[in-house]
Amino acid sequence: MTGTTTAGRLNALGRAEMTLLARNRTTVFMVLLMPVLLIFVMKSTLQEVGLEDSGLTVAGASLSGGIGMVLLQVVYMNLVAAYVARREELVLKRLRTGEVSDREILVGTALPAVLLALVQCALIVAVGTLAFDLSAPRRPELLVLGLLLGGVLLTALAAVTSALTRTVQTAQLTTLPLFLVSLLGSGLFVPLDLLPDLAASLCELLPVTGVMTLVRAGWLGGVPGHDVLGATLTALAWTVLAVFAGQRWFRWDPRR
């Protein structure tokens, strides 16, 4: 491993992972095009849903939901497959024999996916502001906080899910529960304000809900301060729990 500092080792791991990512055409399609396609699907569906009670426009709901879609697909689903592939190919095991720490291996593998997701999210905000007449981020610090927490949270959840995943092919199945629950219950597809009170209260406790609340509050505004505080605490709690679980149960040896 070239680079004797932590930054150098992370840079080398990140560049190697980006090279592997670029060689996989299926992954490139999933990472770059699938979120865009799903945003258009969400927009067409939301046009049939009354959003008046949520205070959101169709463009605002679909594009802010698209940010959550990018985080789930580019970070979470892509990284589960990446961790499993590197584990089964003995790449992780070989890296552990060098000077790279376990944490650096996990972070370095995740860096390209997280950075790519952040770039895509920035593009979504720019397109929404310039082409869909949405406002510029009302509270950019909350938007940045939501994106950063989302990146760390979903990286850690990917590490946990990879421990339950036997092959790259089964990663498509093991990632579905969180994807579907987040899609339907964390405000990506339907704003929580449109759900019954009990259902909305339960959905507020889901892993990605806090991140989505921060993203919408930071970009579109209109979220009360106590809701922002609750979303921040929820996202932080899930992040700490996921990081602990990832460090505790991540599998380094192949599941053969």
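At 31% relative accessibility, is D102 to be counted as buried, partly exposed or exposed? In the predicted model examined here, D102 counts as partly exposed, because its relative accessibility of 31% falls between the limits of under 20% for buried and over 50% for exposed. The side chain of D102 meets that of R96 in a salt bridge with an N to O distance of 2.8 Å, and R96 is likewise partly exposed, with a relative accessible area of 38%.

R9, which is placed in helix α1 (residues 6–23), forms a salt bridge with E104 in which the closest N and O atoms are 2.9 Å apart. Since R9 lies in helix α1 and E104 in helix α6 (residues 102–131), the pair ties together parts that are 95 residues apart in sequence. R9 counts as buried at 10% relative accessibility, and E104 counts as buried at 9%. Salt bridges that share partners join R9 and E104, together with E99, into one network.

A salt bridge also links E17 with R86, the closest N and O atoms being 2.7 Å apart. Here E17 belongs to helix α1 and R86 to helix α4, so the pair ties together parts that are 69 residues apart in sequence. E17 counts as buried at 9% relative accessibility, as does R86 at 11%.

Helix α4 (residues 58–88) is also the place of A85, which is buried with a relative accessible area of 12%. The C-alpha atoms of A85 and R166 are separated by 9.6 Å, although these residues stand 81 positions apart along the chain.

Because Y83 lies in helix α4 and F250 in the segment after α12 (225–249), the pair ties together parts that are 167 residues apart in sequence. F250 also pairs edge-to-face with W252, at 4.7 Å centre to centre and 75 degrees between the planes. Y83 and F250 are both buried, and W252 is buried as well; Y83, F250 and W252 form one aromatic cluster.

In helix α9 (residues 176–185), the buried residues are L178, F179, S182, L183 and G185. Just after α9, G187 takes a positive phi of about 90 degrees.

Key:
Residues are numbered from 1 along each chain as its sequence is written. This is a predicted model: local features need pLDDT of at least 70, side-chain atom pairs count only at pLDDT 80 or more; totals for chains, interfaces and linings use all residues. Side-chain values use heavy atoms; hydrogens and water are left out. Helices (H or I, at least four residues) and strands (E, at least two) are DSSP runs, numbered from the N terminus. Buried means under 20% relative accessible area, exposed over 50%, partly exposed in between (1.4 Å probe, protein chains only). Rings of Phe, Tyr and Trp (its six-membered ring) pair if their centres lie within 6.5 Å; planes under 30 degrees apart count as stacked, over 60 as edge-to-face and the rest as tilted. A salt bridge is a side-chain nitrogen of Lys or Arg within 4 Å of a carboxyl oxygen of Asp or Glu.
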